[in-house]
Amino acid sequence: MKRGILFALALLLCGGIACAPRKTRYSETRYDLFDTVTVLTGYAESEAAFSETANRVFEELAAYHALFDIYHDAERNNLKTVNDCAGGDPVPVDPAIIDLLLLGREVDALTGHRVNITLGAVLALWHDARTEALEHPESAASPSGDALRDAARHTGFDLLLIDEAAGTVRLTDPRARLDVGAIAKGYAAQRVSENLPDGYLLSVGGNVVAKGTKPDGALWSVGIQDPDDAAALLLTVTASDLAIVTSGDYQRVFTADGVRYHHIIDPETNYPAVRWRSVTVLCADSAAADALSTALFLMEREDGEALLKQFGADALWVAPGGERFMTEGFRERIKG
Ligand code: ADP
Ligand code: MG
């Protein structure tokens with residue numbers, strides 16, 4: 001009798017597998033979103049089914065990019081509009097902007113003002129210096145300490161008025177600027193991934209979200225870049241329903257007078273942070289992972305560990321000498 005039931009069960013299971021439509025792996029890459037490379041990989045029943053998902057994902061990401069862009073105007077008010085109107089009237093904005101800025105305010109408070117989206121005036125000096133340096137390497141220069149200190153006087157959340165009820169935002173200081181580079185990609189990846197089916201992997205410039213597993217139940221493998229070699233991996237982690245985000249000193253760099261400058265600025269010095277080569281964060285939520293990776297890059301390890309605990313997140317730190325530290329949860333996810 002028992003054997004009969006088992007046999008029937010086995011038949012049912014095999015039948016189920018035999019009938020399940022075979023899924024094929026597809027991938028699409030885009031270069032026009034968030035000034036970075038975006039890759040969507042996923043398993044779908046047909047190329048048409050994958051394309052439908054991919055089109056939706058890229059459309060949603062493009063909409064977030066347009067809203068959070070501080071360099072280009074968009075059809076609707078975006079963060080460039082908010083920056084352009086600094087010192088002027090409140091700017092009516094899309095609810096996603098309000099949502100992102102509220103997240104930014106929370107992140108500022110949680111990180112002791114280290115990750116601060118109102119640092120735009122300071123970050124703009126670094127952005128301009130980098131753009132200049134890449135165009136004219138022979139005359140490359142870092143911003144002067146005086147200019148940075150002067151810009152730093154026009155930062156801080158007391159200069160940003162977020163009126164949730166009215167749906168408006170206002171920078172009260174004409175020289176204040178927003179820069180959401182530290183959190184926007186993770187936020188957008190999180191929102192978009194909420195509508196993604198299982199069996200998809202989205203990477204927005206290295207802000208990776210693994211949704212579910214592969215169709216055969218296998219975990220996704222995500223490589224973590226070696227800070228010293230863009231073509232090499234430090235290690236690979238396995239993931240499902242997880243965000244993997246790295247902040248490193250090897251991105252958006254320029255050299256002036258023999259010194260290499262990168263893009264994560266320590267608000268205590270107004271200069272690129274020198275504590276770590278890279279920090280990788282694993283967290284269920286991609287927006288949190290993005291904020292945390294920038295935050296941990298700017299913190300002592302002990303402070304970072306305390307912050308990770310609040311989010312149930314894990315991390316890998318790579319020190320300037322190449323030494324690596326990781327939480328137990330991170331170690332458990334290393335492949336091989
Ligand atoms: P990436 O943009 O490479 O994913 P991060 O998430 O660490 O890396 O964000 C770095 C970006 O955040 C910078 O390019 C800049 O726009 C912005 N940024 C740099 N330093 C800070 C800071 N201390 N607080 C808030 N934003 C910052
Ligand atoms: Mg970040």
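I began with the second largest pocket, which holds about 320 Å³ of space. I then listed its lining: 16 residues, of which Gly206, Gly223, Ile224, Gln225 and Tyr250 are the closest to the centre. I kept in mind that this is a predicted model.

Which elements give two or more residues to this lining? I found strand E8 (220-226), strand E9 (229-239) and strand E10. I sorted the lining of the second largest pocket by class and got 9 nonpolar residues, 7 polar ones and no charged ones.

Next I turned to the largest pocket, with about 970 Å³ of space. Its lining has 37 residues, and those closest to the centre are Asp179, Gly181, Ala182, Arg252 and His263. By class I noted 15 nonpolar, 14 polar and 8 charged residues in the lining of the largest pocket.

I also looked up where that lining comes from. Helix H2 (47-68), helix H5 (120-135), helix H7 (184-193), strand E10 (242-248) and helix H8 (286-297) each supply at least two residues to the largest pocket. Which of them gives the most? I found that H5 does, with 4 residues.

Last, I checked the hairpin of E1 and E2. Strand E1 (residues 24-33) and strand E2 (residues 36-44) run antiparallel and are joined by 8 bridges. I picked out one pairing, in which glutamate 28 has leucine 40 of E2 as its bridge partner. The hairpin has 2 residues between its strands, and phenylalanine 34 takes a positive phi near 50 degrees there.

Key: Residues are numbered from 1 along each chain as its sequence is written. Chains are lettered from A and ligands numbered from 1 in the order in which they are written. This is a predicted model: local features need pLDDT of at least 70, side-chain atom pairs count only at pLDDT 80 or more; totals for chains, interfaces and linings use all residues. Side-chain values use heavy atoms; hydrogens and water are left out. Two strands pair if DSSP finds at least two bridges between them. On a 1 Å grid over the protein atoms alone, a cavity is a set of points where a 1.4 Å probe fits but cannot get out, and a pocket is an open set with protein on both sides within 12 Å along at least five of seven lines; lining residues have an atom within 4 Å of a point. Grid points are joined across faces, edges and corners, and a volume is the space filled by probe spheres set on the points. Ala, Val, Leu, Ile, Met, Phe, Trp, Tyr, Cys and Pro count as nonpolar, Asp, Glu, Lys and Arg as charged, and the others, Gly among them, as polar.
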